[in-house]
Amino acid sequence: MKAGAMKRALLITLTSLVALAGCHNFKKENVQPPTPLDKDFKATAQVKRLWTSSIGDGARDSGIRLRPAFADGVLYAASVDGKIAAFDANSGKTLWSKSSSTHGWFGWGDKKRPDAFYAGGPAVSGDLVAIGTLDGHVYGIGAKDGSPRWEARVSSEVLAAPSIVGGLVVVRTADGRLYGLDASNGERRWAYDQGSVPLLSLRGNGPLMVANGVVFFGSDNGKLVALRLDNGEKLWEQTMAGGEGRTEIDRLNDADGSILLDGSTLYGAAYHGNLIAVDGPSGRPLWGRPFSTFTSIDLGGNAIYAVNDESQVWAFDKSGGSDMWKSDKLKYRWLTGPAVQGNYVVVADMEGYIHWLQGSDGSLAARERLSKKPIRAQPLVVGDTVYVEDVKGHIGAYRLDTH
């Protein structure tokens, strides 16, 4: 068995463990019950639902975090059953929708089942949408009409959205490789191989971050890695988690969240590891503090916002990592990564609720419900509007009254 296939066979999802609680007693499954929501909650911020729509079957039970992408007033979304669509971001009106089938999308073969099991989430730049699949393909698609442009084969599942920059589509695969593909035709320009990845890993990969000709990402073995964009050469790496513990589960140390850049400083965090700040050009560590998370982090003002592995929401001072506040109000509700929206922090949970917290002190400010299905992907904030997608493909747009 190939290393990539073996690793895929052993991938696990923390949210899939707690999903058992939906049909079993929490105590029997040794899973903590979610903190009940306050029935007498009174909102202090005004949130209005603008529209709802849907895209195929969503992520279903794949364990991945399918997140929409936004560009030029258009929202792009995809599902694992081969659906991809563009929506007017203001009204939710479907601008175009495409459904793939086995080899049929590119003109041949049986058309009865999906060919493109979209998994990485779409990325968009100019007139190009790029997206990866569970079976190791990357597709280039026309942003205006969804027409196929090109396809490329990679070595494993694509579980994170690609990044399109500098004439390249940079793609990460579940077996530890990164590829630089020509954005015009999908031809491979370079490949980077980490060499080895843990056999046991959390399900999913963090998104790529590209800036100043460098690709930054968090690895499945707890590293923050920097590569040259033009040729994939490794510049440096920095440890976020050491992979210590008595059991394989204890030694899980994935960095499955986003890497953020503020000025010349990078911020990242890992499961069973640390929240760290690193000098971007050199890779020199600036500060670090213990913190375990399997979701993305976000920045707002002087704060870093993060959700730990017990779904407590934290705020840290970005200059040194000291605590600013911690909220237990949503503990064990298996929250998404936080997204900063003005003076608020937005998270969503396993029961389809979206929560707005005050950025200053973590107090709950507003609540909406998209559906009764889990939301795993970090909310997408665009100005005063936040877009949320659940695991069944329901999409909601919510506007925050900033006055």
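Trainee: How many cavities of 30 Å³ or more does a search of the whole structure find?

Mentor: The search finds 2. A cavity is a set of points on a 1 Å grid over the protein atoms alone where a 1.4 Å probe fits but cannot get out. This is a predicted model, where local features need pLDDT of at least 70, side-chain atom pairs count only at pLDDT 80 or more, and totals for chains, interfaces and linings use all residues. Residues are numbered from 1 along each chain as its sequence is written, and side-chain values use heavy atoms, with hydrogens and water left out.

Trainee: Why is the pair of Tyr118 and Tyr139 called edge-to-face?

Mentor: Rings of Phe, Tyr and Trp (its six-membered ring) pair if their centres lie within 6.5 Å; planes under 30 degrees apart count as stacked, over 60 as edge-to-face and the rest as tilted. Here the centres are 6.3 Å apart and the planes stand at 85°, so the pair of Tyr118 and Tyr139 is edge-to-face.

Trainee: What makes Tyr118 buried?

Mentor: Buried means under 20% relative accessible area, exposed over 50%, and partly exposed in between (1.4 Å probe, protein chains only). Tyr118 has a relative accessible area of 1%, so Tyr118 is buried.

Trainee: How do you know whether Tyr76 and Trp96 are buried or exposed?

Mentor: Look at the relative accessible area: with 5%, Tyr76 is buried, and with 8%, Trp96 is buried.

How values were computed
On a 1 Å grid over the protein atoms alone, a cavity is a set of points where a 1.4 Å probe fits but cannot get out, and a pocket is an open set with protein on both sides within 12 Å along at least five of seven lines; lining residues have an atom within 4 Å of a point. Grid points are joined across faces, edges and corners, and a volume is the space filled by probe spheres set on the points.
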